[in-house]
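Colleague: Before I use these labels, I want to see what stands behind each one. Please show me the model.

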Amino acid sequence: MTRIAFVCLGNICRSPTADVIVRHHLEQAGLDDVEVASSGTGDWHVGEPMDERSAARLAAAGYDPSGHRARTFTVDWFDRHDLILTMDAANRADVLALARDDTDRAKVRMFRSFDPQAPSPDADVPDPWYGGPDTFDEVLGIIERTAHQIVRHLLDERAGRV
Ligand code: 4NP
């Protein structure tokens, strides 16, 4: 079993988008030994569904955003996940501030380190909350291609290719 957590700030835009898309492709690929979840480092939106602008873009692309409810990243997420993918450098710093030891720290990696088009492995997924409609479109594109790469990586791992 591989358990992956996606983490952003509010858990209503970027990390739930990654959760929905990766979950969809895992189901399509028949990878039923991978679990995904998402949370935010901030707690302002706990219990809320996805931001309607993110949800609209997911629905238009053929995904179902309706099941999401926002949660907060807490220290026990280190115990329940093998890989913790943060959306930007601030999310990474906030997650690492909660890490108890090197085992926790080793689980944390930037989401776009899997993006084949990232300008650097440390690149951020821009925060659409503070951007305009174009940022929501850009974020969907980044997350879709990165999600594909994550699923491909997991399939390669299962096949012993990496
Ligand atoms: P997310 O976007 O981190 O991608 O979910 C945000 C959502 C809400 C806020 C910030 C970022 N906020 O400040 O409420």
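This is a predicted model: local features need pLDDT of at least 70, side-chain atom pairs count only at pLDDT 80 or more; totals for chains, interfaces and linings use all residues.

Modeller: Residues are numbered from 1 along each chain as its sequence is written, and side-chain values use heavy atoms, with hydrogens and water left out.

Colleague: What makes C8 buried?

Modeller: Buried means under 20% relative accessible area, exposed over 50%, partly exposed in between (1.4 Å probe, protein chains only). C8 has a relative accessible area of 2%, so C8 is buried.

Colleague: And why does C13 count as buried?

Modeller: C13 has 6% relative accessibility, so the label is buried.

Colleague: How do you know that the sulfur of C8 is too far from the closest cysteine sulfur for a bond?

Modeller: A disulfide is a pair of cysteine sulfur atoms within 2.5 Å. The closest cysteine sulfur to that of C8 is in C13, 7.0 Å away, so it is too far for a bond. Seen from C13, the closest is the sulfur of C8, at 7.0 Å, again too far. The count of disulfides is zero.

Colleague: How do you define the helices and strands?

Modeller: They are DSSP runs, numbered from the N terminus: helices are H or I with at least four residues, strands are E with at least two.

Colleague: Which residues of α6 are buried, and what covers them?

Modeller: Buried residues of α6 include F136, V139, L140, I143, A147 and L154. Their cover includes β1 (2–8), α1, β2 (34–40), α2 and β3 (83–86).

Colleague: What makes T17 buried, and what is T17 in contact with?

Modeller: T17 lies in helix α1. Its relative accessible area is 3%, so T17 is buried. Contact means heavy atoms within 4.5 Å. Leaving aside neighbours within four places in sequence, T17 is in contact with M50, S54, L58, L140 and I143.

Colleague: What makes a space a cavity and not a pocket?

Modeller: On a 1 Å grid over the protein atoms alone, a cavity is a set of points where a 1.4 Å probe fits but cannot get out; a pocket is an open set with protein on both sides within 12 Å along at least five of seven lines. Lining residues have an atom within 4 Å of a point. Points are joined across faces, edges and corners, and the volume is the space filled by probe spheres set on them. One cavity of 30 Å³ or more is counted. The largest cavity holds about 60 Å³.

Colleague: Which residues line the largest cavity?

Modeller: Its lining is C13, R14, T17, S54, R57, P128, F136, V139 and L140. The elements giving two or more residues are α1 (14–29), α2 (52–60) and α6 (133–158). The largest share, three residues, is from α6.

Colleague: And what is the volume of the largest pocket?

Modeller: About 160 Å³. It has 13 lining residues, with D19, R23, G67, H68 and R69 nearest its centre. α1 gives the most, four residues.
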